[in-house]
Amino acid sequence: MLGPVLETLIGGLMTGVLYSLVALGFVLIFKASGVFNFAQGAMVLFAALSFARLSEFMPLVIAFAFSVLIMIALAYAIEFLVLRHLVNQEGIILFMATLGIAYFLEGFGQAVWGSDIYKIALGLPTDPIFILESVFPGGLLIDPAELIAAIICAVMVLVLAVFFQVTRVGRALRAVADDHQAAQSVGIPLNQIWLMVWAVSGLVALVAGMMWGAKLGVQFSLSLIALKALPVLILGGFTSIPGAIVGGLIIGAGEKLAEVLLGPVLIRTFDLAGGGIENWFAYVLALVFLLFRPQGLFGERIIERV
Amino acid sequence: MTIVFYREVGQFKTSYDADEAIFPIAQDRWSVIVLVAFAFLGVPLFAGQYLYTEVLIPVLILSIAAIGLNILTGYCGQLSLGSGGFMAVGAYAAYNLALRLPETNIILVFLFAGVMAMLVGLLFGLPSLRIKGFYLAVATLASQFFLEWAFARVKWFTNYAPSGSVAVGRVELFGVPIDTPGRTYIFVLAITVVLTIAAKNLVRGRIGRMWMAIRDMDIAAEIIGIRPLHAKLSAFAVSSFYIGVAGALWAFLRLGSWEPLAFDVNRSFQVLFMIIIGGLGTLLGSFLGAAFIVLVPIFLNQLPSWLGISMSTAAISHIEFMLFGAMIVLFLIAEPHGLARLWAIAKEKLRLWPFPY
């Protein structure tokens, strides 16, 4: 019994890493500009579509480079056409604007790149690895592609952490996150910072899209993965990069375990037509956490004054 | 000679009642009365089936849902992405009551739908006492996904229908079948008018002021003696009631047969779009937003044939997505406070017109 559960747990943790990748893009933008970017999922889809179609007729590395350029251009377009005109609006207005961007990107991506299912062949090893064969009969199965995704994710988080803590631009980003006006008054150019942060999260979206695309194929449903990243966000806190990672791991492991352990029990007790509790379990888990810590696990404490 | 008809000159208020009227300006009052009378008596004279089923009935039903969400989000400031789920609660509650007690009056069925949605809304409104803003918005998504899942999986709700899709039979009111588009329209219109008047009186009364105080600053509201528990939960209750009734109406009178997918998260976004485009915190905005959201896709679908271009359906749907997204962004940039604000500005201009000030 313990073997399969552990295997599910590991599989869940690996999926969780992929959730974290999507959540990371959200956090970057929310931290720097206070925008709740609902378009992150659409950006993942758009980036994955670009990469998949480009890689059909050019080497992977060049396709990647072009996709990076496309995401930077997209960040520029969003900053220039949308955000610049919505400075100083309320949070909900900016949120709505990103919903509009999400719709636009979903339509635009499919109109330009096509709406079939595309494959991304990253040339990752596919033979499953077995570990701990001495402890469990048959050992534990691990998908190497997911392992590589986890490693890439870890590297990205490290790079981002260094970028935020050490570099000049990173300091400027943190300053903007703390206080727009104060940052502006010491001479930090807001527009450039936003451009930068959208470009970086576009890059994160590209990596996330490549990983998800290699796993599931590039298709419209990729943009729905953003919805799965939301409970990760509330669990970890909107403003915390480690939170996004830890939250992703908890959600990924939690929902897989729930499906395996809790699902059959629920089906038996309530006479259900099939399980599928994965769809809401993450949210409910996050909700329960929220009742005890309203700002998420690692979110900044909310100090309220009148 | 210019026509100067929109003036309140000479309209003196001589009693408190007159001062507190819903429409203190006579021209406003009369135009609303004329509009409602026209909707009841004038529209059936010329409206065809297409106008009824594709435009008027959807706009009216979605307006009710938009009013519901506007009470919660626009008046009480609690952002919710769970409207689709609450519409589903209304729809399935009505379905089950009509199925299990077939003799029940249809008005009671819709009331029951509202009350059930209200109870579920109260339950899912509880987290709002602890969490705020976008955290709450994501928490309401939990209710959306949970409810969607429950109606797809718990067989009792769908009466063990093998396909998971349910259908309602004839709807009749006091022996009169509501089967033609014209009758459906009148029925929906009557419910909309009643619910709108109720909502107007709620939001301008004590309870509405309580909601608005919580919206504007919850801590300050608490300090002046408003209990957040009462204010927030009552907003959730009233809002879910409206959305539940709208869900039942949508299922019974617009769809006829449906599955949980009809109330998925896109429906929630649709209702949210309505109140943002229409205007947060205005009842007029709920109607304008609903009309906008229903009419724009119809318009976009017709556009290629008007222009004489032939396009594949996939391309049309992609372009529809793009145009819809672009319109939302453009709209937010041009008028973040929605259509209702445009209307208010137009009215203000009309008061002075033709003079500059």
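This is a predicted model: local features need pLDDT of at least 70, side-chain atom pairs count only at pLDDT 80 or more; totals for chains, interfaces and linings use all residues.
From α3(B) come Gln49(B), Tyr52(B), Thr53(B), Leu56(B), Ile57(B), Leu60(B), Ile61(B), Ser63(B), Ile64(B), Ile67(B), Ile71(B) and Tyr75(B). From α7(B) come Pro181(B), Gly182(B), Thr184(B), Tyr185(B), Val188(B), Leu189(B), Thr192(B), Leu195(B), Thr196(B), Ala199(B) and Val203(B). By class, this contact has 16 nonpolar, seven polar and no charged residues.

**Helix pair geometry**
- Helix α3 of chain B spans residues 49–75, and helix α7 of chain B spans residues 181–203.
- Their axes come within 10 Å and cross at roughly 20°.
- Because angles under 35 degrees count as roughly parallel, α3(B) is roughly parallel to α7(B).
- The crossing of α3(B) and α7(B) is left-handed.

**Contact between chains**
- Chain B gives 37 residues to the contact and chain A gives 42 residues.
- On the chain B side, α6 (133–153), α9 (218–223), α11 (265–278) and α13 (313–334) each supply at least two residues.
- The most comes from α13(B), with 14 residues.
- The side of chain B that touches chain A has 31 nonpolar, two polar and four charged residues.

**Nonpolar core**
- The largest nonpolar core has 202 residues.
- Those with the most contacts inside it are Val44(A), Ala48(A), Ala65(B), Ala91(B), Ala94(B), Ala246(B) and Leu249(B).
- Helix α8 (residues 190–216) of chain A gives the largest share of this core, 16 residues.
- Leaving out residues up to four places away in sequence, Ala65(B) touches Ser83(B), Met87(B), Tyr242(B), Ile243(B), Ala246(B) and Val271(B).

Methods. Residues are numbered from 1 along each chain as its sequence is written. Chains are lettered from A and ligands numbered from 1 in the order in which they are written. Axes are lines fitted to C-alpha atoms, for helices over the stretch in contact, and angles run from 0 to 180 degrees between N-to-C directions. Helices (H or I, at least four residues) and strands (E, at least two) are DSSP runs, numbered from the N terminus. Angles under 35 degrees count as roughly parallel, over 145 as roughly antiparallel, 65 to 115 as roughly perpendicular and the rest as oblique. A crossing is left-handed if the near helix is turned anticlockwise from the far one by less than a right angle, and right-handed if clockwise. Two residues are in contact if their C-beta atoms, placed from the backbone, lie within 7 Å. Ala, Val, Leu, Ile, Met, Phe, Trp, Tyr, Cys and Pro count as nonpolar, Asp, Glu, Lys and Arg as charged, and the others, Gly among them, as polar. A nonpolar core is a set of buried Ala, Val, Leu, Ile, Met, Phe, Trp, Tyr and Cys residues joined through C-beta atoms within 7 Å. A residue is buried if 20 or more other C-beta atoms lie within 10 Å of its own, exposed if 12 or fewer, and partly exposed in between; C-beta atoms are placed from the backbone.
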